[in-house]
Amino acid sequence: VNAPVPIPAAPATPGYDVEALRREEFPWAAATAYLNHASTGPIPASAQRRLAEYQRRRAEPHRLTADDLFPVLAAARAAAARLINADPAEIALAPNTSYGLNLAAQALPLEPGSVILASDREFPALVYPFRHRARHGDVRFELLPVTPEGWPDEAALLARLDDPAVRCVAVSLTQFANGYTVDLARLSRETRRRGTWLVVDAIQGCGQVPLDVRETPVDILACGAQKWLLSPWGTGFLWVRPDLVPRLEPPWAGWMAFEGTDDFTRLCAYDPRFRQDARRFEMVTLPFHDFAGMAVAVELLADLGTAAVAAHLRDVGRPVVEWAARRGVPVTSPLGPRASGILCVAPPAPERAFAALEEAGVAASLREGSIRLSPHAYNTVEELARVAEVLERAR
Ligand SMILES: Cc1ncc(COP(=O)(O)O)c(C=O)c1O
């Protein structure tokens, strides 16, 4: 795996002030080394203030005004759209990633005999919806073996596209267990060329990996906001390709999806028209206060710029990569162009190393035999140097 280990090039200078970000938005960060954003993202202080302020008024609903309801959801859609260079009309808010993946699995038209392709070792949230779609045998769900490193075999995926039966590909932008980030530009190009549906689970990438749906269009992109988007549990969004939005019939019929819901004085007219924008894929009364928080957090990330965050993350992992190279410890994440901010190493006794990190106040994860480190925009190279010291002592 990754042998010989290449050392990332010279440190990049982030396009923002890391210390100020830490001080203003993550003032608790000095008390720990929180390197677990692939699991749960913290809530930035500005988003926390917005949530608390809203929650206070929510407890006494007569204090809420019309501006606290649908305009708040519109702001959350606008923030998500800004982050991925989309139009807000292409964004539906959702409580998590699975919502969008299930929509894709159920709504995308597939002729009998079609094959849906995914890579083995994907996070289960991507696997179950498509396997469920194939349960009656009219379409087939195929998991392609991973490379010897345990990464998606993109060459094999691309080669499988030549089979005319392959009508849909579902991939994670970034793999949960090793941080491998697919070449979305190539996948986008090759699926567009063949008219194959491309469904992307973006939760482990969006917010730390630059993503531009105008440059690399897909068909449906699903993203929970609870990790890299630093937002409350129960928030997220999906993006649908604009020309697909009015043509794709939702497999369910939530009352919020219909034109008739705009006029609360005449709801019982039961206007049968689905909305023309991506709100047709929404269903229910969404948690307004949580989406108010998400809007603030996602705007913060959009202000930093995902390219600057990605450059910062390439830099902060250096001490651990260098330690692994010195000690011959396998780095199980890619380090080249397919790298992301998720950095995994596999020391000989991963459980012992993980316990040592916990004891040293470092929050990380143990995934598929590797220590998974997932720093974000405000983490520092000093924190990762501390990780390298702890791993050295635990050898
Ligand atoms: C790749 C991936 N997809 C989805 C999820 C979570 O799905 P959901 O947002 O539906 O809970 C995770 C992690 O929890 C993940 O790593």
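G341 sits in the loop that connects α10 (318-327) with β9 (343-345); helices here are DSSP runs of H or I with at least four residues, strands are runs of E with at least two, and both are numbered from the N terminus. The model is a predicted one, in which local features need pLDDT of at least 70 and side-chain atom pairs count only at pLDDT 80 or more, while totals for chains, interfaces and linings use all residues. Residues are numbered from 1 along each chain as its sequence is written, and side-chain values use heavy atoms, with hydrogens and water left out.

With a relative accessible area of 5%, G341 is buried, a class that means under 20% relative accessible area, as against over 50% for exposed and anything in between for partly exposed (1.4 Å probe, protein chains only). Not counting residues up to four places away in sequence, G341 touches Q208, L313, L373, S374 and P375, where contact means heavy atoms within 4.5 Å. Its C-alpha atom is also 8.0 Å from that of V209, although 132 residues separate G341 and V209 in sequence.

Apart from neighbours within four places in sequence, R22 is in contact with P27, A29, A30, Y378, N379, T380 and E383. E351, in helix α11 (residues 350-359), is by contrast exposed, at 56% relative accessible area. The C-alpha atoms of E351 and L366 lie 7.6 Å apart, with the two residues 15 apart along the chain.

Turning to the strands, β8 (residues 236-240) is mostly covered, with 5 of its 5 residues buried. G236, L238 and V240 point one way from β8, F237 and W239 point the other way, and all are buried. Strand β2 (residues 91-93) runs antiparallel to β8 and is joined to it by 3 bridges; two strands are taken to pair if DSSP finds at least two bridges between them. Within this pairing, A92 has L238 as its bridge partner in β8. Strand β7 (residues 220-224) is also antiparallel to β8, through 5 bridges, and here I220 stands opposite V240.

Because 5 of the 5 residues of β3 are buried, the strand is largely enclosed by the rest of the structure. V115, L117 and S119 point to one side of β3, I116 and A118 to the other, and all are buried.

Helix α4 is likewise largely enclosed by the rest of the structure, because 8 of its 11 residues are buried. These are T97, Y99, G100, L101, L103, A104, A105 and A107, and their cover includes α5, β6, β7 and β8. In helix α5 (residues 124-133), the buried residues are A125, L126, V127, P129, F130 and R133. The elements that cover them include α4 (97-107), β3 (115-119), β4 (140-144), β5 (166-172) and β6 (197-201).

N96, T97, S98, F123, A125, S172, F176, D201, I203, Q204, Q226 and K227 surround the ligand, a residue being near it if one of its heavy atoms lies within 4 Å. This shell divides into 4 nonpolar, 6 polar and 2 charged residues, with Ala, Val, Leu, Ile, Met, Phe, Trp, Tyr, Cys and Pro counted as nonpolar, Asp, Glu, Lys and Arg as charged, and the others, Gly among them, as polar. An oxygen atom of the ligand lies 2.6 Å from a side-chain N or O atom of S98. For K227 the corresponding separation from a ligand oxygen is 2.8 Å, and for Q226 it is 3.0 Å. On its own the ligand has 400 Å² of accessible area, of which the protein covers 85%; accessible areas come from the Shrake-Rupley method with a 1.4 Å probe, and for residues only the protein chains shown count as cover.

Conventions:
A polar contact is a pair of N or O atoms within 3.5 Å; within protein, one must be able to donate a hydrogen and the other to accept it, and residues adjacent in sequence count only if both atoms are side-chain atoms.
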